Amino acid sequence: MDYGLGEGSGTPAAATAAEISRSLPAGVSDPAAVYATADGGGAVDPAAFAGLARELGGVAGVGKVADPVGSPDGRAVRIDVYPVADPQSAQARALVSGPLRAAVAAHSPAGTSAHVGGTSAVYADVADAVDRDLLVVFPVAAGLIALILLLLLRSLLAPVALLLSVGMGFAATLGSAVLVFQHVLDRPGVAFTLPLVLFLFVVALGTDYNILIADRIREEMHHPGPARAAVARAVRHTAPAVATAGLVLGGSFASLATTPGSEQIAFALTLGILLSALLLSLVVVPAVAALLGRALWWPLRPPAGREAGPEPGREAGWEDPAVARAERLPTS
């Protein structure tokens with residue numbers, strides 16, 4: 001994630017940071033560090049690492065390299081490396097995980113082991129771990145969600161439709177964040193933690209909203225009448241609760257935008273929640289249910305009707321205009 005220097009804040013700290021950034025590399029306040037030790041654990045001579053320091057200084061993206069410094073016990077050497085990019089930026093993570101580590105591996109003195117540390121290196125390792133975990137978390141979580149939907153809805157086709165709906169919301173939210181921050185605002189990219197955060201919140205909450213509307217649709221389809229009328233009744237009864245929950249939660253996440261460095265998370269979570277609640281759950285899922293009718297609940301389809309009588313929420317002599325219009329549509 002990219003963090004600015006607080007331009008426009010007018011504070012002494014911001015003015016000092018701006019002056020430093022004009023005179024020194026961006027990484028001067030938080031350098032990457034190369035730590036080296038002897039393979040056998042013996043003493044090491046800092047002068048032996050002068051060649052490594054020169055090679056590190058020639059790596060593209062490195063602004064300055066400090067002289068090698070030995071530890072008090074003489075068993076380790078440290079070389080501070082100051083990148084030209086913000087240590088918390090994507091450029092700095094790419095630098096330490098790629099060219100910098102390659103240079104260290106190629107030019108370390110014989111008989112020594114050297115490693116790259118610092119904030120950028122930690123973020124790079126965390127980003128790699130998150131990428132690996134997503135390859136495991138996404139399929140496992142999708143399988144568990146599908147199992148829950150299967151047991152709850154007692155259908156094979158409905159869980160597929162709901163999972164596709166949630167996946168569309170996740171992809172649309174992540175794509176919108178990339179479009180806004182990377183292409184419109186010209187940022188280097190989005191935070192590497194954003195997909196995981198979206199999965200934890202948007203996918204989970206979107207699934208809840210979908211379960212709420214789908215379960216009500218199934219319940220309404222047990223009553224006499226066409227499937228489209230059942231969908232209309234379900235939306236009429238469920239939409240206020242789902243829309244209110246989405247608006248309140250989306251507004252809560254939008255307040256994160258006031259925290260520096262959280263703009264991407266605030267934008268993505270707010271958009272994802274609103275898409276899930278107002279578009280996917282109240283438009284896409286009911287539309288699919290109306291198109292497929294009772295076939296959506298295959299193989300345990302709800303009966304087309306039961307004993308005659310007033311439907312829930314409809315008294316004798318009263319007719320809901322929305323439901324009446326839906327009943328005049330072709331029967332699914």
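Predicted model: local features only at pLDDT ≥ 70, side-chain atom pairs only at ≥ 80, totals over all residues.

Biologist: How do you know that the length of helix 4 agrees with what a helix should span?

Modeller: The expected span is 1.5 Å times one less than the number of residues, so the 35 residues of helix 4 should span 51 Å, and since its end C-alpha atoms are 47 Å apart, the two values agree.

Biologist: What makes you speak of a kink in helix 4, and where is it centred?

Modeller: The bend at a residue is the angle between axes fitted to the seven residues ending there and the seven starting there, and in helix 4 there is a kink of about 30°, centred on Asp133.

Biologist: Which residues of helix 4 are buried, and what covers them?

Modeller: The buried residues of helix 4 include Ala121, Val130, Leu134, Ile145, Leu149 and Leu153, and their cover includes helix 3, strand 5 (112-117), helix 5 and helix 6.

Biologist: Why is Thr207 called buried?

Modeller: Buried means under 20% relative accessible area, and Thr207, at 8% relative accessibility, therefore counts as buried. Thr207 lies in helix 6, and, leaving aside residues up to four places away in sequence, Thr207 touches Ile145, Leu149 and Val166.

Biologist: Why does Ser89 count as buried, and where is its place?

Modeller: Ser89 has 5% relative accessibility and so counts as buried, although its place is in the loop between strand 4 (76-83) and helix 3 (90-107). Ser89 and Tyr123 are 34 residues apart in sequence, and their C-alpha atoms are 9.2 Å apart in space.

Biologist: What makes you say that the buried residues of helix 2 line one face?

Modeller: The buried residues of helix 2 (residues 50-57) are Leu52, Ala53 and Leu56. Seen down the helix axis, they fall within an arc of 100°, so they line one face of helix 2. Their cover includes strand 1 (32-38), strand 2 (62-65), strand 4 and helix 3.

Biologist: Which residues touch the most other members of the largest nonpolar core?

Modeller: Of its 41 residues, they are Leu153, Leu198, Ile217, Met221, Leu269 and Trp297. The largest share of this core, 12 residues, comes from helix 6. A second, separate core has 24 residues, including Ala36, Ile79, Leu95 and Ala121.

How values were computed: Residues numbered from 1 in each chain as written. Heavy atoms only, no water. Core = buried A, V, L, I, M, F, W, Y, C linked by side-chain atoms within 4.5 Å. Buried < 20%, exposed > 50% of the residue type's maximum accessible area, 1.4 Å probe, protein only. Helix = DSSP H or I, 4+ residues; strand = E, 2+ residues; numbered from the N terminus. Arc of directions from axis to C-beta. Contact = heavy atoms within 4.5 Å.
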